[in-house]
Amino acid sequence: MELNIALLRGDGIGPEIVDSAAAVLEKTASEFGHRIYFTPYLIGGAAINAVGKPLPQETVDGCLASDSVLLGAVGGPEWDDLPGDRRPEKALLGIRAALGLYTNLRPAKLYPSLRSASPLRDEIVGSGFDIMIVRELTGGIYFGERGYREGRFGREAFDTEAYSVTEIERIGRIAFETAMKRGRRLCSIDKANVLETSRLWRKTMHTIAEEYPEVEYSDMFVDNAAMQLVRCPGQFDVIVTSNMFGDILSDETSQITGSIGMLASASLGEGKRGMYEPIHGSAPDIAGQDKANPIAAILSGAMMLRYSFGLSEEAERIEKAVDKVLEEGWRTADIIGNSEGAPLTCTKMTEKIIEVI
Ligand code: NAD
């Protein structure tokens, strides 16, 4: 297979971790006889410095012409004083919109070998957890009508949540398909006891559930879900939820793994092109020091192989290599905890993973 990938390195540790992920993808592709081509494009602060805007048209065009996109991270103190619409982070919304990415997939797995990194007690974590959050990304209250008006108590601000059956159906189908590829359990999270949009959400999910009798489906209110995630995270396999609830719950879920440098994500739309990125930011405090943990970016590359190219075996090869390197006790500084020995650099961790592949 031929894979054409746009690389958006971005700022801070972005270039280091994207180059690591690209090296791992290259090794995996060669092991399986695929041809892989990378084309770098500017984004974020690096683009502001080079051409005066965070998302140049050339970058959008390049991503649209590629099969898939791998992003590092954007932003940093150098650009913090710019007005909102000219900041590096603005490029993220712009590129997601340009690529029509309406689904965000965020896995949160607790690695047994990194058990001590989780802030949860042993009896709560039990035998570990492996959760996939499917978040709707381009609808709901973040995109609804907003403004100011005269209200009962004088001037007030308002935001509106709106969801159509079409939007719920398309995210619902992705969630059910994702559940089919994993543990075949799906929990839809809403606030149907209060919100009309949630009632439509729930009704639509139930209709889709009839098409997937193999998937064990359940509903949960968002307030309960926030509690259940820290009470018994092992009960969840796949979670599907709206934009705002997903924003909050996916951060909560990342936090209980305890290792931000390990978590990947995928943003998907129609067709196979997606954008894959670690969930962490540009970590300006360690940028350029070869200290970053490249695993989140490397696992984002694995997600790309699975979701954009249907190369599950290749993705698994990368995931298993990461597992093995961790089981052998190799650690970057962010996950070293009380382990003995010096932490690996970003470069060394990448080499270890490539060696196993
Ligand atoms: P951050 O995720 O960059 O860093 C938080 C902490 O985690 C820091 O101490 C950092 O050193 C550490 N960390 C993060 N990733 C790591 C890795 N791979 N290896 C080792 N340690 C790692 O969050 P922040 O400090 O709040 O934000 C820094 C900048 O990143 C800001 O400009 C912010 O706007 C931007 N940001 C970008 C994205 C994105 O591009 N998607 C996401 C979040 C934040």
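1. Start with the second largest pocket: its volume is about 570 Å³. (Pockets come from a 1 Å grid over the protein atoms alone: an open set of points where a 1.4 Å probe fits, with protein on both sides within 12 Å along at least five of seven lines; lining residues have an atom within 4 Å of a point. A volume is the space filled by probe spheres set on the points, which are joined across faces, edges and corners.) Lining it are 20 residues, with Pro107, Asp130, Arg182, Arg306 and Glu319 nearest the centre. α11 gives the most, five residues, and the lining divides into 10 nonpolar, one polar and nine charged. (Nonpolar is Ala, Val, Leu, Ile, Met, Phe, Trp, Tyr, Cys and Pro; charged is Asp, Glu, Lys and Arg; the others, Gly among them, are polar. Helices, H or I with at least four residues, and strands, E with at least two, are DSSP runs numbered from the N terminus.)

2. A word on the source: this is a predicted model, where local features need pLDDT of at least 70 and side-chain atom pairs pLDDT 80 or more, while totals for chains, interfaces and linings use all residues. Numbering runs from 1 along each chain as its sequence is written, and side-chain values use heavy atoms, leaving out hydrogens and water.

3. Now the largest pocket, at about 660 Å³. It has 27 lining residues, and Leu92, Leu93, Arg96, Arg135 and Glu277 lie nearest its centre. α4 supplies the largest share, four residues. By class you get 10 nonpolar, nine polar and eight charged.

4. On packing, the largest nonpolar core holds 64 residues, and Leu70, Leu105, Val134, Phe176, Leu186 and Ile353 have the most contacts inside it. (Such a core is a set of buried Ala, Val, Leu, Ile, Met, Phe, Trp, Tyr and Cys residues joined through side-chain atoms within 4.5 Å; buried means under 20% relative accessible area with a 1.4 Å probe, protein chains only.) α10 gives the most to this core, nine residues. A second, separate core has 17 residues, including Leu110, Leu120, Val222 and Phe245.

5. Three aromatic pairs turn up in the whole structure. (Rings of Phe, Tyr and Trp, the last by its six-membered ring, pair if their centres lie within 6.5 Å; planes under 30 degrees apart count as stacked.) Phe176 and Tyr212 are stacked, 4.9 Å centre to centre with 15 degrees between the planes. Phe176 sits in helix α6, Tyr212 in the loop between α7 and β9, 36 residues apart. Phe176 is buried at 0%, and Tyr212 is buried at 10%. Phe176 also stacks with Tyr217, at 5.7 Å and 20 degrees.

Key
Buried means under 20% relative accessible area, exposed over 50%, partly exposed in between (1.4 Å probe, protein chains only). Rings of Phe, Tyr and Trp (its six-membered ring) pair if their centres lie within 6.5 Å; planes under 30 degrees apart count as stacked, over 60 as edge-to-face and the rest as tilted.
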